Amino acid sequence: MFTNSTLEKLEYFKVLEQITRFAHSELAKEKILSIRPLQEIGNIQKSGNLINEAKSLLIINIYPPEEFEVNLLESLAHSRISGNILSVRRIREIGNLLITSRRYLNYLSQNQNNAPNLKNQFWEFLFVDKNLENRIDSIIDVTNEVKSSASPKLREIRKSITDKEIALKKVVERKLKALNSESMLQEDFLTIYDGRYVFPVKAEYKRQINGLIHSESSTGQTVYIEPTEILESNNELISLRFEEKREIDRILRQLTEQIGQSSKYLQMSLETLVEIESIFASAKYSLEIDGCFPQIDKDKPLKLIRSFHPILLRRLKENTIPLNLDFKKNNILLITGPNAGGKTVVLKTVALLSLLVQSGLHVPTSSDSHFYLFDNIMVDIGDEQSIEDNLSTFSSHLANIKKILEQADSQSLILLDEIGTGTDPNEGSALASAILLELSRKNSKVIASTHQSNLKILANYSEKFENASLEFDVEKIEPTFILKQGEPGASYAFEVAKRIGLSNHIIEEAKEYVSENKKQVEELLVKLQKQSNELKEKLQSAEKENSRLLGLTSLYEKQSNEIKKKKTDIFAQARKEAQNLVFEANKKIENAIKQIRESNGDKDVISQSRKIVTEIKESITKIEKAEVGKESNFKSNKLSVGDFVKLIEGNTIGKISEIDEKKRKLSIISGNFKISVKIDEVEKVNHKEEKNLYHKNDYHSTLNSLVLDIRGKKPEEVEFEIIRFLDDAFASNIKQVEILHGKGAGVLKATVHQLLKNHEFVESFQFAKIEFGGEGITVVNLG
């Protein structure tokens, strides 16, 4: 249950109004404004996926046909009534509806690979009737006039009208010339009165002209007379025009009847076009807010990653601070922190995004966010003091909370802003504690904001409760709007007062009235937040160092594997050469024996043969020595803990820290690394050699992040920075990095892409997905 009052407080309707900016027809705007949160997860996901597909078509510049903007629902209903005649304009618009419906059907069919769900959802409801379309086109022209070719009879009538008008004009022109020559006319041109030609005669001459008086001017000086000579012709012309109208009515009646027979299909097609337009409007809105449709899972806790309030996002744009919130296994999240620090915005953001997601709409959040399916969202936000109902602010809040307690269950999301305020602090805090505990027993999901210290203690020691706070920069004396979970926050009342400009002597005097316990609690919270910030910085630094070490470890493993492969290849080649040599040796020996036999032991032949055998032995001895030399490299002298060794397949030097004789392994310390290797993979070196080799190969990567932010810099300033960043990433064996250059005019983007094309370590690069930054970020693959 989502009441209109709740939707209004959470600015749900304002978001819908923002989406209507991308719709053209009034019906589509009404459709968007009628969207409400759903309960059935299948319908929610279907809506989100349809918007996904529409968005993907827009991204690749495949736009839908022009929207149909006319509301024909009433006209289609009238067409079903027997004997009704629709206007020429309405019939022409129905023809345009048929054309638009056919174009959209073709559009969905042609793009079914990119948008299969859009095609499957709508194509069968788009009505196409080429016969009716052609029939309307053959009867009504682009100026909304019935064509003479609409029927043979109409063509004949209009020809008669034309002939009669030509003949009548000749008579009228002669009469006009005659009367004008006698100065009997007030003006020298004709006037048409009720479809009949009349002459503007001066009042003093009206009795001198035989004819029918139709009217007089307001001054009485001009009388409009239809002369007897043209009376009969005028009558015939009027009669023909009546006949023309009857024939047109007959044609339009038949056409209206034909439309009426298909009106239900036409109405279905119109409603389908409206729905498609609303989906594409939602897709365009998603592109504007860089939105996505996140996961919905009842089995996972509510988790918001890089989420924004859509109204604030449109107003503040890139200055908006993202919200990160994870309910984990808790039910109650108690937010504390400074005034104007963003507590209410956090409450509204969580609830508003939940409502929009349950409406099947895209929201500005990470695609990794998890949203929960709520049956009810209830809020107590703002001042609802009622003079009419004789309720104070506090009484109004309690009355609202009473309703919330009656309706709350495990499928409810409840937002309580500044709970426990508006009355005595101790009593308000006690009531707030009892209310939160009751909601926890009901397993409701609750986000509450407060300044009450007792509630911070309650959240710290109660099961399923969690403290959270909004950071405050004490040095700058301003809120950061960053939510931190797991720790309460101070209210910073004096700091906020100082920032606003309240007199220092008033602030100092106020501090004297703060109880000692309260002062100690606030000072402790400030101290804890400062320590937390310091620990966070150290953790970030440690994570960067760990990332660097992991990269170097990976690089070492890669190089070690390459050396092993080279060794294997060398041995294989040596064995092949040895086999070839033995084969050749055998061949030469056999030839020598054959020659000795054939020469009957000739001394020269025997001497020559001995020389050949000696050369063969020498060649084999050289190969054996080389092989023994290679193998001997893997045998070590007697090693002890503390000895310095070098990896045979590289220049890495280290000091032995452990030896495992059974497994024939040892551990060595090299710089910041501890490496485990086999004993036969190292050789002992003296301490002096260790120093020389170690310093020779001492490389330190300066890579601190996987993202390089160059926004706001000039192209000539960033070239070296980009090259150094890519080299450090490659040296750390990192496969993928990102360069954040922004969209802007595209100069930085072009510079980045030109450098990437020519860099030896870059395998490929592409823009990030639209939900992760689109053309503002380039993803680089290294190899």
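**Salt bridges and a helix pair**

Author: Let's start with E487, which forms a salt bridge (a Lys or Arg side-chain nitrogen within 4 Å of an Asp or Glu carboxyl oxygen) with K484, the closest N and O atoms being 3.4 Å apart. This is a predicted model, where local features need pLDDT of at least 70, side-chain atom pairs count only at pLDDT 80 or more, and totals for chains, interfaces and linings use all residues. Residues are numbered from 1 along each chain as its sequence is written, and side-chain values use heavy atoms, leaving out hydrogens and water.

Reader: Nice! Are E487 and K484 buried or exposed?

Author: Both E487 and K484 are buried, meaning under 20% relative accessible area, with exposed over 50% and partly exposed in between (1.4 Å probe, protein chains only).

Reader: And how many salt bridges does the structure hold?

Author: The structure holds 27. Salt bridges that share partners also link R89, R90 and E93 into one network.

Reader: What about E11, which residue does its side chain meet in a salt bridge?

Author: That is K14, at 3.4 Å from N to O. E11 counts as buried at 18% relative accessibility, while K14 is partly exposed at 44%.

Reader: Switching topic: at what angle do helix 9 and helix 10 pack?

Author: Helix 9 (residues 152-181) and helix 10 (residues 228-261) pack at about 160 degrees, with axes 9 Å apart. Helices here are DSSP runs (H or I, at least four residues), numbered from the N terminus.

Reader: Which classes of residue are in the contact of helix 9 with helix 10?

Author: The contact has eleven nonpolar, three polar and eleven charged residues. Asp, Glu, Lys and Arg count as charged, Ala, Val, Leu, Ile, Met, Phe, Trp, Tyr, Cys and Pro as nonpolar, and the others, Gly among them, as polar.

How values were computed: Axes are lines fitted to C-alpha atoms, for helices over the stretch in contact, and angles run from 0 to 180 degrees between N-to-C directions. Helices (H or I, at least four residues) and strands (E, at least two) are DSSP runs, numbered from the N terminus.
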